[in-house]
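Here's a quick tour of one protein model. Have a look at the structure, then read on.

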Amino acid sequence: SQSFSWLLPIASVPKQGSDIAVASNLAFQRLQAATNPQYTLTTRIEGQCRQDVLLGAGFGGSASASGGSTAIGGSPSGGGVTVEASGVVGAFEWTVISLDKSLANPADAATSWLTANGYDVPTGAGALLGPYLQDGLYLLALRLTKGADSGSIRPIVLTYTGTKPSIPIKLTAVAANDDMGVMTWVLGKTRAVPQNYLSLELNEARINWFNANSTYNAVVTEAANDAGGQGFVTEFAGPTSRLANVVFSASDAATWASFKSQVFASFDDFFQLAYGYYGGWDGFWDATRASVTLPTGVAFEDFKLCPGCYSGQIQFAPSVYLAALDKNVIQPLKSVQDLIDLHPELPRLYSTLSADEMTLDPAFAFNADLPDVSNQHTATRVIECNPSIYQYQASWRVELPQGDIVRGTPAEASSLTWPTGVAGLPPNRRIVRAAETGSGRVIEDNAAVIATSLGTYNASVPTASTGGAISTGGVGMTGGASPTGGAQASNGGTGGGPAVAGAGGATSATPASHDGCSTGGAVGKSSLGGLLATLALAAAAMRRRRRS
């Protein structure tokens, strides 16, 4: 935590108290969970399989998956650097500097100033800062205040004057892992699209519909590499009315109102209830640190480990503690919900980038002509029965929403393994250069190639004769957030209605249910640290690159 620093080029100087604030990791966890891609597989039996009196007709299996950013100054500080503003927000100290336009190399002056003032500046940062500073941008530098630990690192709300939404991704290259996930939500009057990156439409045949978490991020990585390393998948796009109460709900508001209205007999009573409600929310311990007086000689870290050990020894004022909780815990979460509610449309865009691909800052434009994009994807698995074989011996086919068909064997179904014969298919169905109007210009269309290749592959898979009764799939459910911004998967069984995948609560994971001859599944979870998610992904075997 003592070495942590965060640099961000910005177009204007923020004002303390109005233009810079802390947000909540929990807000992004909840927003991620509500917009995660969800892949649901229903099951239909075609024909009639032989019945096993003892074991029944079902075949199955189970799988688990761990895995789709004041004080106004202006005083020169030497070396061509001017401190424009500074202040404290949450557990962060922040400073905005500008560089003299006459400097031949403003980046050298900036890194010298940062180093002299105690900021940890990685090797190579100067070269990445140079283009921003030469364009006349200011530099916002943040670090943790003395005494704060790394658990105090939180998302930052920053309001500044600009001409279009953009992510300063080039700076991230200084500390990037291979194929880092970049997850972005853009609020506006109409749907946002990548302006200088390509728009990617994934080939659904490459997804493992038995367990989407196992392949989704690898497919996104391949798809991004196929687009020259600079492309986004639109995983969700729709009206923000669908996200009402997602980040900060009416229930959250009622709980907070009830808590504030209570009278407490002691600190222990106050703390136990506060911890029960908000102990897992961002800012709880920062609010507590600012509101209580510990016994002489007791370190705050010791208190955190055992609050009950100091019963009757803590001094505090309930009104002060409540105000600190409101400022540090409640409002940072509520502000994100308020921001969502103020804008009609919100898409979620996702990609993966390595350091050598972070050469262009993604910028976004708005297009009122494009339709919504659902994060719900449903395919149907058809089990091809005949009276001479048991159901677990039957071949099957999956009918995809994009219209393609993938055939597979009983062994693949029982192990929840997607056919390896489709691994060579293009990861993108289409690559599009989006615009501010219309449907965009198609750069690459692989639909015909995918259909032809699948036809050849499917013909090589054994087929069972069909006929007889048909039953429809049962209900399968998933919940929770995927570990790397990827997908969730659920599998429906036989008997009942269609399978349904539901977005779970923040950072919760619920196993997929199954019955009859369904296959089981599970989903993983993660927290999301901010608007730009740096999530490690497995490197894809295929690295075919194409630029336009």
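## A pocket and its lining

In this predicted model, the lining of the second largest pocket is made up of 13 nonpolar, nine polar and seven charged residues. The pocket's volume comes to about 520 Å³. There are 29 lining residues, and Arg191, Leu200, Glu201, Thr234 and Val373 sit closest to the pocket's centre.

Which elements give two or more residues to this lining? They are strands S10 (191-194), S11 (198-202), S12 (231-239) and S20 (428-433). S11 gives the most, with four residues.

## The sheet

S11, S12 and S20 also turn up in an open sheet of six strands, ordered S9-S15-S12-S11-S20-S21, with mixed pairing. At the edges you'll find S9 (180-185) and S21 (441-445), each pairing on one side only. From one strand to the next, the twist averages 30°.

Zoom in on S11 and S20: these two run antiparallel and are joined by four bridges. Here Ser199 stands opposite Val432 in S20.

H5 (residues 216-226) lies across S11, S12, S15 (345-353), S20 and S21, and runs at about 80° to S15.

## Two packed helices

How are H7 (residues 267-278) and H8 (residues 284-291) arranged? They pack at an angle of about 155°, and their axes are 11 Å apart. Angles over 145 degrees count as roughly antiparallel, so that is how H7 and H8 run relative to each other.

On the H7 side, Phe271, Ala274, Tyr275 and Tyr278 make the contact, while H8 brings Phe284, Trp285 and Thr288. Sorted by class, these contact residues are six nonpolar, one polar and no charged.

Note on methods. Residues are numbered from 1 along each chain as its sequence is written. This is a predicted model: local features need pLDDT of at least 70, side-chain atom pairs count only at pLDDT 80 or more; totals for chains, interfaces and linings use all residues. Side-chain values use heavy atoms; hydrogens and water are left out. Axes are lines fitted to C-alpha atoms, for helices over the stretch in contact, and angles run from 0 to 180 degrees between N-to-C directions. Angles under 35 degrees count as roughly parallel, over 145 as roughly antiparallel, 65 to 115 as roughly perpendicular and the rest as oblique. Contact means heavy atoms within 4.5 Å. Ala, Val, Leu, Ile, Met, Phe, Trp, Tyr, Cys and Pro count as nonpolar, Asp, Glu, Lys and Arg as charged, and the others, Gly among them, as polar. On a 1 Å grid over the protein atoms alone, a cavity is a set of points where a 1.4 Å probe fits but cannot get out, and a pocket is an open set with protein on both sides within 12 Å along at least five of seven lines; lining residues have an atom within 4 Å of a point. Grid points are joined across faces, edges and corners, and a volume is the space filled by probe spheres set on the points. Two strands pair if DSSP finds at least two bridges between them.
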